Structures are given as structure tokens and as C-alpha cells.
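The sequence and structure come next.

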Amino acid sequence: MSFFKDSVFSDENASKNGFLQSLDPRIKTITFLLFLVQILLTRNIFILLCLYAVSVLLACFSKIRLGFFLKRTWVFIPLFSLFIAIPAIFSIFTPGEPLTTVKIAGLTLIITRPGLSGAALFIARVVTSVSFVVLLNITTKHFELLKVLRIFKIPQIFVMTLGMCYRYIFLFIGIIENTHLAVKSRVGIKIRPKKGQRIVASNITSLWQRSYQLNEDVYQAMLSRGYNGEPLVLNNFKAGWQDWLWLLCALTIFITIR
Amino acid sequence: MHIPDGYLGPTTCGFFYAVMLPIWAVASKIVKKTLKAKQVPMLAIGAAFSFVIMMFNVPIIGGSTGHAVGGVLVAILLGPWAACIAITVALVIQALLFGDGGITAFGANCFNLAFILPFVGYYIYQALTYRAPAISNRRVLAAGIAGYVGINIAALFTGVEFGLQPLLHHTAAGQALYCPYGLNVSVPAMAGEHLLIFGWVEAIVTALVIKFLQKQDTNGFPPKTCGNDTVGLNAETTNGRSL
């Protein structure tokens, strides 16, 4: 839970005085989407590796600790993808030109060229995509990132729900943490799966009931601040020359690689 | 079941964005039309609730744990269209802030988790609880079945989406460009783990939460939340109470 809170809700890196942090969140999001589309479209592993190098360089210019960045990007999704891509290098799953053979537990397995290059391309694509998404996430304040979605003309109901939902998640995580601590302090030992399932379901039910009660309070708070059915969102984004220059650079990379 | 970036090719990603756009538009229109101003926070609460459900690890036999998605539960509590919006919002937050689920694969993730899962589960639940009293074991059983079937159908769609990638995108030498496994591997893999493990987690959580809600109906739940005049758009009312 603490890892989750630290990694998701910390704006520490977004507050640093680095290159990506200085950009207008709207321009930054658009350029990162261009990079993601580029990563999706390319069939060349060399281009993917170059884009991965760009993401690492951007992290360095943005004063993100390299160890932290690599840990955030490689742990879980790329490692999981690496794990599931390994069988694909063998002829059982990807037939083709044999490269070499390996013996595992008495079984002779053939590694094929299309299998190996396909798996390498897959991993490179996944890790590069994840790196750009993580970079966008850690260098942008979260409430700004959610506000940026308005430029894509997303219906108001989604944008408003998104902003409110983000705040509720904080509250709910606090409630869950306290409940978990209370259960742990009372039970203290390992419990049987059936009992554990009942505790989880009871916690979810209790969370729903608290949320339901909260609805009325939140609505009253909204009314007292002048809510009349149409949400009003402040727009304080400002794009400077460096933002347009960065957009031009990203567009040039996009067009050149294509 | 969240598909990361890089697993699906551009055609599949574009196709699912195109499929989801009208669904989001209809969901937004229906919910805006039927949602009273007073229930606006409920939608955000539903989204946060569906986000948080995924953080509960449920103990399963053998000492292992798994987590539920809660899509069917949210659909039963809010109605399928409101659940579609709530789960979409939860998926946006997961993709942007947690990196769980890709941005290019966002349309496909929403199709599986915010459309297929709540709609299949919700209508199965409605069919199985036809004319059932609010406090009846049939509703608990129906919620479990709806959760199990809903998550398995969503997993089947995910498996098919993965399995189509080598067919849709490959080089002349047969090298896969995206997910490297065909339908013969991806469908059994996705279906197997959900039929054997995660489907049961979803079923247990959905059924037990409905059972607890039936027992602890302290704040008038479920009628006010799920009635036809509120967030839950199609919930059936029985004896002045609906579920």
C-alpha cells in the first residue's frame, strides 16, 4: 500500500525544476502521445531503442534519478512481458529459421530467428511505451494531467467525474489502510481463506456504505460553493516559446522517423 | 486483464477506440439525462470505488491471492451505463497515474472492462433475479454467477484480441510485431486462468458484497442508489427496494 501511495500520489518529481516539468502540460501530453503513436507504428527495433534512449535522456534532463526511473519503468510490466515473451523465441511457438538449440530438463529446444527478433521487438516496444508513460506521469502534477484531458473535448461528465474521483481515491485509500490496520491488530495471525474472503467482502461493503453517506455531504459542499448543475473548471495553462519549440522538435522526430 | 501498450497493433487499437467512442457518447448522454444533480458525486464515488476494489487481495485456496475487478458489482450498484463511465474513469487514472493498462490500448481495455464486463454481468444478474425479492439468496447467487460469467467473457475477448495480433501484424518471415502468441495459445491462457482462479475471485467478491449489503441495509441502500430515477438506470424495484 505504501509503495502504491508513494509511486502514484507523489508529486515530488513533478515539482523539480527540470526540462519536462517546465513545459506546458498540454503540449507535453500531445508530444508524448506522438511518441507513443510512433512507438506503436514502428517495425524497426533500432528506432525503438533510439526512442528508449530519448526517454532516458529526457529523464536525466528532468532531474529524475536514473535508478528510480529504471526501477519504475522496468519493474512489473516490462519484466512480466519479458517472462511471457521467452517461450515465443522457441520453434514450438514461432517456427522459422533455426539459430541455435538449447537443452532444458532433457528437452532440446530450437531458438528461431523470427522468434528471437519478434520477442526482442515486443519487449523493446513495451519498455519504451512504459518509459514514456511513466515519464509523463512523474513529471506532471496529477491534477494538471487530469485537467489536460479537457483539450481532447472529452464530455464534461467524464472530466468532472475524473477530478472528483481522484480526490476520493485518496480518501478511500486512507479508509482501507485504517480498516486493514484495525483487522490486523485484532486478528494478528494468519486466517483461513474463507474467513479472509468474508473480511474483504465486508470491507468492500463498508466502504460502499461510507461512500454512499458521503454523497450527500459532498453535494451540500458543492451547492455551498455555487454549483448549479454545470461544473466550472479553471484554465490556467500558458504555453511559451520553449513549449512550441519542443512541439516542433517532437513533430520533426515523428515525421522524420515515419 | 489490463492490456499494456505494445501488446496490440495500431489497427486493433484504432478499431477499439472507434468502437468505444459511440459507447462513451451514449453513456454520457444517458447518464447526463437521468442523473440528478444531487447524484453527480455518486458517479465519482463509483469510479473511485471500482478503482479501489482492484486493490483488495482476496485469499484463495492454496495460500495465494487474487484481486477482483468489481465491474459487475459496480454495474449492479450504479446501473450499466453509469458503471461504463465509472470504470472508464478508473481506467484513465490507472493508465495515466499508475501505468497499469496502456494509453494506445485504452480503447480495448475500456471495451473489455468498462463495456463487456458490466453489461454482460448486469443483464445476467437482471435475468436471474427477475421478480426476486430484494432480500433473497437468489440475488446473492445471481450476483456470483454474473460476476463469474462477466469476467470470463471479458477475458475471452482479451484473449481473442491478443491472439489476433500475429495474424494481423507480422513480417514476411513470420516474425510477430506485437503480442507473439496466436489464438491457440492466448485464448486458452486467458480463459484458463479466469475460469479456474480469477472468475471465482470475482464471483465470491460480488456475491458476498451483495449479501452484506442485503444484511446491512442501514442507509436505505440499495433502493435510492439504484432506482430508476437515480444513477442506476435500469434497476428493478421490488417492494419499494431495488438491487
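Which residues in helix 4 of chain A meet which residues in helix 7 of chain A? The model is predicted, so local features need pLDDT of at least 70, side-chain atom pairs count only at pLDDT 80 or more, and totals for chains, interfaces and linings use all residues. Residues are numbered from 1 along each chain as its sequence is written, chains are lettered from A and ligands numbered from 1 in the order in which they are written, and side-chain values use heavy atoms, with hydrogens and water left out.

**Helix pairs in chain A**

From helix 4 of chain A, I45(A), L48(A), L51(A), Y52(A), V54(A), S55(A), L58(A) and A59(A) meet A120(A), L121(A), A124(A), R125(A), V127(A), T128(A), S131(A), F132(A) and L135(A) of helix 7 of chain A; contact means heavy atoms within 4.5 Å. By class, this contact has 13 nonpolar, 3 polar and 1 charged residues. Helix 4 of chain A passes helix 7 of chain A in a left-handed crossing (near helix turned anticlockwise from the far one by less than a right angle). Their angle makes helix 4 of chain A and helix 7 of chain A roughly parallel (under 35 degrees; over 145 is roughly antiparallel, 65 to 115 roughly perpendicular and the rest oblique).

Helix 7 of chain A also packs with helix 3 of chain A, and the two are roughly antiparallel. The residues in this contact divide into 10 nonpolar, 4 polar and 2 charged.

**A pair in chain B**

Helix 1 of chain B and helix 4 of chain B are oblique to each other. Their contact includes W24(B) of helix 1 and W81(B) of helix 4. It has 10 nonpolar, 2 polar and no charged residues.

| Helix pair | Angle | Axis distance |
|---|---|---|
| Helix 4 and helix 7, chain A | about 25° | 9 Å |
| Helix 3 and helix 7, chain A | roughly 175° | within 9 Å |
| Helix 1 and helix 4, chain B | about 120° | 9 Å |

**Cavities**

A search of the whole structure finds 2 cavities of 30 Å³ or more; a cavity is a set of points on a 1 Å grid where a 1.4 Å probe fits but cannot get out, and lining residues have an atom within 4 Å of a point. The largest cavity has a volume of about 50 Å³, the volume being the space filled by probe spheres set on the points. I77(A), V130(A), V133(A), P4(B), D5(B), G99(B), G101(B) and G102(B) line the largest cavity. By class, this lining has 4 nonpolar, 3 polar and 1 charged residues, with Gly counted as polar.

Conventions: 1 Å grid on protein atoms, 1.4 Å probe; cavity = no way out; pocket = protein on both sides within 12 Å on 5 of 7 lines; lining within 4 Å. Axes fitted to C-alpha atoms, helices over the stretch in contact; angles between N-to-C directions. Helix = DSSP H or I, 4+ residues; strand = E, 2+ residues; numbered from the N terminus.
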